[in-house]
Amino acid sequence: MTTIAELSLSTDEFALAETFQELPALEVRVESVVAEGPTRTVPLVWFSDVDREDLEAALEADATVDEYRQLLGNTEDGDLFYRVTYSEAVGSVCCCVYDHGGTVLDARVADGQWTLRLLFPHREELSDAVSEIEDQGVRIDVRRMVEAGTDEDLETTAALTDPQQEAIAEAYRQGYYDVPREISLEELANELEISHQALSERLRRANRVLAGEQLDEPAGEMATPK
């Protein structure tokens, strides 16, 4: 079943990181995203609440940006429209989505977080994409998943990706949650053949989802387009 997912990433670890540090009041809305080659991603981006000279100075100094070009001048609302070519590091994260059949529906920034709304033909492909992104050392949260054509969330446990389900199940089986612990995080990571950091992040996110289920609270709320 086609799945729409909402993922969040810190602005410090993704696109335009230095631009947001320089211009914290900047508002961003991605109009569309295209892949240009295996690791280059080219979004069309609306920038708001910023002067053109200040924006271009920040983009020029931003290591996550290879190139930029203004496509439209200031609109009546003062928005600026640009074509931005990201660096290989950012593009490789996006290509994890494309390589597994995913499509970027839209992307926004608020409160220091990128929120990406993605579409995948199957939930398993979403799981594989998230796993590959995590393997690159990028912290990512799956905040919500819905089946296309419905307004209902999938069950909370379904919000765990397959790698997260595997990690928390193996941690439980091997006594990671026992007192005292029967296995260390490092030993468990070695058995799962992933890095210590990747396992820590998977367990943290899985625990957050399961805790939300017990408290009858959603793991996250779908952003409402302005």
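Predicted model: local features only at pLDDT ≥ 70, side-chain atom pairs only at ≥ 80, totals over all residues.
Glutamate 193 follows helix α6 and sits in the loop between α6 and α7, the latter spanning 196-214. Is glutamate 193 buried or exposed? At 73% relative accessibility, it counts as exposed.

Now the overall picture. The chain has seven helices and eight strands. Of its 226 residues, 46% count as buried. If you take the contacts with a separation of 6 or more, 62% of them join residues 24 or more positions apart.

So what is on the inside? As a general point, nonpolar side chains in soluble globular proteins tend to be buried together. Here, the largest nonpolar core has 42 residues, and those with the most contacts inside it are Phe14, Leu16, Val28, Phe47, Leu55 and Trp114. Which helix gives the most to this core? Helix α3, residues 88-99, does, with five residues. Apart from that core lies another one, of 14 residues, including Ala167, Ile183, Leu188 and Leu203.

Leu55 takes us to helix α2, residues 52-61, where the buried residues are Leu55, Glu56, Ala58 and Leu59. These residues cover an arc of only 160 degrees around the axis, which puts them on the same side of α2. Glu53, Glu60 and Ala61, on the other side of α2, are exposed. Have a look at the start of α2 as well: a side-chain oxygen of aspartate 51 comes to within 3.0 Å of the backbone nitrogen of glutamate 53.

What does threonine 19 touch, leaving out residues up to four places away in sequence? The list is Leu26, Leu55, Ala58, Leu59 and Asp62. Threonine 19 itself belongs to helix α1, residues 17-22. Threonine 19 counts as buried, because its relative accessibility is 0%. Its side chain also makes a polar contact with the side chain of aspartate 62, at 2.7 Å.

Threonine 64 is in the loop between α2 and β4, the strand at 65-72. With 12% relative accessibility, threonine 64 counts as buried. A polar atom of its side chain lies 2.8 Å from the backbone nitrogen of leucine 16. Not counting residues up to four places away in sequence, threonine 64 touches Phe14, Ala15, Leu16, Ala17, Thr85, Tyr86, Ser87 and Val90.

Back to Leu188 and helix α6, residues 185-192. The buried residues of α6 are Leu185, Leu188, Ala189 and Leu192. Seen down the axis, they fall within an arc of 100 degrees, so they line one face of the helix.

Last stop: a helix pair. Two packed helices are described by the angle between their axes and the distance between the axes. The axes of α4, residues 123-135, and α5, residues 162-173, come within 7 Å and cross at roughly 70 degrees. That makes α4 roughly perpendicular to α5. Where they meet, α4 brings Arg123, Glu124, Ser127, Ser131 and Glu134, while α5 brings Asp162, Pro163, Gln164 and Gln165.

Helix α4 also holds glutamate 125. Glutamate 125 is partly exposed, with a relative accessible area of 23%. Leaving aside neighbours within four places in sequence, glutamate 125 is in contact with His100 and Phe120.

Technical notes
Residues numbered from 1 in each chain as written. Heavy atoms only, no water. Buried < 20%, exposed > 50% of the residue type's maximum accessible area, 1.4 Å probe, protein only. Helix = DSSP H or I, 4+ residues; strand = E, 2+ residues; numbered from the N terminus. Arc of directions from axis to C-beta. Polar contact = N/O pair within 3.5 Å; in protein donor to acceptor, adjacent residues only side chain to side chain. Core = buried A, V, L, I, M, F, W, Y, C linked by side-chain atoms within 4.5 Å. Axes fitted to C-alpha atoms, helices over the stretch in contact; angles between N-to-C directions. Parallel < 35°, antiparallel > 145°, perpendicular 65-115°, else oblique. Contact = heavy atoms within 4.5 Å.
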